[in-house]
Amino acid sequence: KTNTAPPVDGYAIGALLSWLRTHGVDVGRDATTVFGVSKTFGIGGVAVRDMDEGEVIFTLPMRSTRDGGPIAMTTRDALARDGPLAEVGRALASSGVIERLAGVLERDYEFPLDSTSTSALALALMHQVCGGKSARWRAYCDALPRDVDSLLMWTDDELEALQGSRLRTRAIERRELVQREYDVLFPALANANPEVFGDERFTPQLFRWAYATVLARAFMLPDLKCMALLPGIDLYNSARDADKCTVDLGASADASDGGANDLDGASVTLAVGVGGADAGDQLFHDYADHASGGALLEFGFVYHGDYERGIGSYAMDISLESAFEALDAASRESLIDRDIFAKFNIRKSLTFEISNVAGVYKSALKGLACVKPEMMRAARALALGPDDIEPSSLDAPAPPTIERRALDIIATALLRERERYTETSVTADAELLAHMLKNPNAVDAAKSAKAKAASKPPVRRHPRRFTMALEVRLGEKRLLDDILDDIRATVAREPVA
């Protein structure tokens, strides 16, 4: 993660653990974990004894052993007409707003965004935050950080530090989406239940925080047909070599009607990852994107220092749509008539991920190895002329002339993307990043100087956010440059007659 984490309220964490213990969660003296606070990671779980790989760290029952009520906060609870979130469920039903929410978006990305579920859970979280001491999840809400670093919460000036990164565009689009979702919910919910949702505390700002919190902390649980916030499970920090949490259906395994009872007996479990853990080691949970950009977009952190350790942690999406549009009419018609994209399983959006993330305990991918097979297939398809023979496969290198055209198509797309980052050089970014890491509270001197020259007040960014933005933009530049260098070298080695 980054070198400095947001502040943590230790008293609130203690109250949350006490609440969990009250409802039957094992966080007592026989537990495997103690929770502590560090400057680098914030709150995190630490092993109290040596633990073997696969040994259970933490189990969260979906239902309380004390009163049978929910411990996890789920979308199913948010839509229910009874239970602790009944006011939410009834207002959503009577207002009819669920059908007007955005649904599932960003389908071309590895992790699509279910904005309807996210909005419903965010509304439930707001309801609990505004519910006073009687709210069921009062202790959980008090322990949640109000300073969320995911890009949804950044100011325009903070986003500017990302320069030409597509993450900046996605963050702005998400901010606009969240405002639209809020406008769908309010004042409709206030009209449905003015006593609860007419409260002036249900502001767009609180909804954006709740939405960002759900994106960063909630889990999709397909076996239980819901999205859920999991108190206690979400205290563990993310690491790529850790285990993912798993659902144990328990007594609910026999349920067949999909009703509320299938949460009874179900639990979510986290186990020790590869290699086990020694007493005193921090225990982790693999829940975030394995690339720094995706982790920053949704979770508010980056994998600091991976470049120096030779570990890949950068990915970005590149579109080849311009290459298709640049083809002559005959070439475009040939691709369409021969149904090339469908035959070779190429997505119609022509947007693909490049990434140097190789996997756990593996060195960073280099050069053209960062271009995924589907993108190579698409480039080879786009390189086919009307008179070229349709190949049996696009996975293997094409004949030299077609392969050169395919590499040129990819290089053109990467160069176009690289031009978005011309404000500063890789060398300047690397030097500034080293300075920021040594001086975490340093002001972005270049930006302040620019503001001074324009007779404007000096710009003061959130130092932690600026450092993360700097690390991501530098990593994306290096990724693009690395692939482009390899394409040039490949073309030089294999000239076309």
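I began with helices H7 and H10, whose crossing is right-handed (left-handed if the near helix is turned anticlockwise from the far one by less than a right angle, right-handed if clockwise). The model is predicted, so I kept to its cut-offs: local features need pLDDT of at least 70, side-chain atom pairs count only at pLDDT 80 or more, and totals for chains, interfaces and linings use all residues. Residues are numbered from 1 along each chain as its sequence is written, and side-chain values use heavy atoms, with hydrogens and water left out.

**Entry 1: helix pairs**

I looked up the axes of H7 (residues 166-185) and H10 (residues 204-217): they come within 10 Å and cross at roughly 120°. Axes here are lines fitted to C-alpha atoms, for helices over the stretch in contact, with angles from 0 to 180 degrees between N-to-C directions. H7 and H10 are therefore oblique to each other (under 35 degrees is roughly parallel, over 145 roughly antiparallel, 65 to 115 roughly perpendicular, the rest oblique). Helices (H or I, at least four residues) and strands (E, at least two) are DSSP runs, numbered from the N terminus.

I then took H16 (residues 400-418) and H19 (residues 463-493), whose axes come within 10 Å and cross at roughly 150°. These two are therefore roughly antiparallel, and H16 passes H19 in a left-handed crossing.

**Entry 2: salt bridges**

I found 32 salt bridges in the structure (a side-chain nitrogen of Lys or Arg within 4 Å of a carboxyl oxygen of Asp or Glu).

Asp481 and Arg418 meet in one of them, at 2.7 Å, N to O. That pair joins H19, which holds Asp481, to H16, which holds Arg418, across 63 residues. I noted Arg418 as buried, at 17% relative accessible area, and Asp481 as partly exposed, at 23% (buried is under 20%, exposed over 50%, partly exposed in between, with a 1.4 Å probe and protein chains only).

Glu298 and Arg174 also meet in a salt bridge, at 2.7 Å, N to O. Glu298 sits in H11 (residues 292-299) and Arg174 in H7, 124 residues apart. I noted Glu298 as buried at 17% and Arg174 as buried at 4%.

I also listed a network of salt bridges that links Asp147, Asp149, Glu158, Arg464 and Arg465.

**Entry 3: Arg180**

I checked Arg180, which is found in H7. Arg180 is partly exposed, with a relative accessible area of 49%. Its C-alpha atom is separated by 30 Å from that of Asp223, 43 residues apart along the chain.
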